[in-house]
Amino acid sequence: MKKFLLLICITIFTINVIEAQSAKKLLRIGNKQLKENQIQEAQASLTHAIKLDANLVEAYASRADAYTRLGKKDEAIADLDMANKLDVKNAEAWLKNGNL
């Protein structure tokens with residue numbers, strides 16, 4: 001029974017690590033898409049990254065940039081608010097939020 005529980009814990013941990021790596025990969029893809037002015041694609045990639053890792057502050061900040069470029073001010077503000085909640089020392093998110 002102990003071995004079974006240990007196996008379950010290891011499996012869950014491994015899945016979480018893989019999802020975090022996938023989220024960071026999607027963050028990199030989304031940021032590249034933003035640079036290439038593929039705004040809707042970037043928003044979709046960043047949304048997927050957030051679904052995989054809801055604590056990925058950079059994904060919220062980048063998606064806020066995509067939302068801003070798409071004219072979705074309310075969504076951008078919501079993402080910057082979340083970035084601020086997750087990392088209160090993130091000066092960039094505070095400044096961007098203040099400018100919207």
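Okay, so let's start with the chain overall. It's a predicted model, so keep that in mind as I go. We've got 100 residues, and the secondary structure comes to five helices and zero strands. If you walk along from the N terminus, the elements read α-α-α-α-α.

How much of the chain is buried? Buried residues come to 33% of the 100.

Now, the pair I wanted to show you, α2 and α3. Helix α2 covers residues 39–52, and helix α3 covers residues 57–69. Their axes sit 9 Å apart, and the packing angle is about 150°. Anything over 145 degrees counts as roughly antiparallel, so that's what we call α2 and α3. And the handedness? The crossing of α2 and α3 is left-handed.

So who's touching whom? From α2 we have Ile-39, Gln-43, Leu-46, Thr-47, Ala-49 and Ile-50. Across from them, α3 brings in Ala-59, Tyr-60, Ser-62, Arg-63, Ala-66, Tyr-67 and Arg-69. Sort the residues of that contact by type and you get eight nonpolar, three polar and two charged.

If you have the structure open, go to Leu-46 in α2 and Ala-66 in α3, which are among the residues of this contact. That's my bit.

Note on methods: Residues are numbered from 1 along each chain as its sequence is written. This is a predicted model: local features need pLDDT of at least 70, side-chain atom pairs count only at pLDDT 80 or more; totals for chains, interfaces and linings use all residues. Side-chain values use heavy atoms; hydrogens and water are left out. Axes are lines fitted to C-alpha atoms, for helices over the stretch in contact, and angles run from 0 to 180 degrees between N-to-C directions. Helices (H or I, at least four residues) and strands (E, at least two) are DSSP runs, numbered from the N terminus. Angles under 35 degrees count as roughly parallel, over 145 as roughly antiparallel, 65 to 115 as roughly perpendicular and the rest as oblique. A crossing is left-handed if the near helix is turned anticlockwise from the far one by less than a right angle, and right-handed if clockwise. Contact means heavy atoms within 4.5 Å. Ala, Val, Leu, Ile, Met, Phe, Trp, Tyr, Cys and Pro count as nonpolar, Asp, Glu, Lys and Arg as charged, and the others, Gly among them, as polar. Buried means under 20% relative accessible area, exposed over 50%, partly exposed in between (1.4 Å probe, protein chains only).
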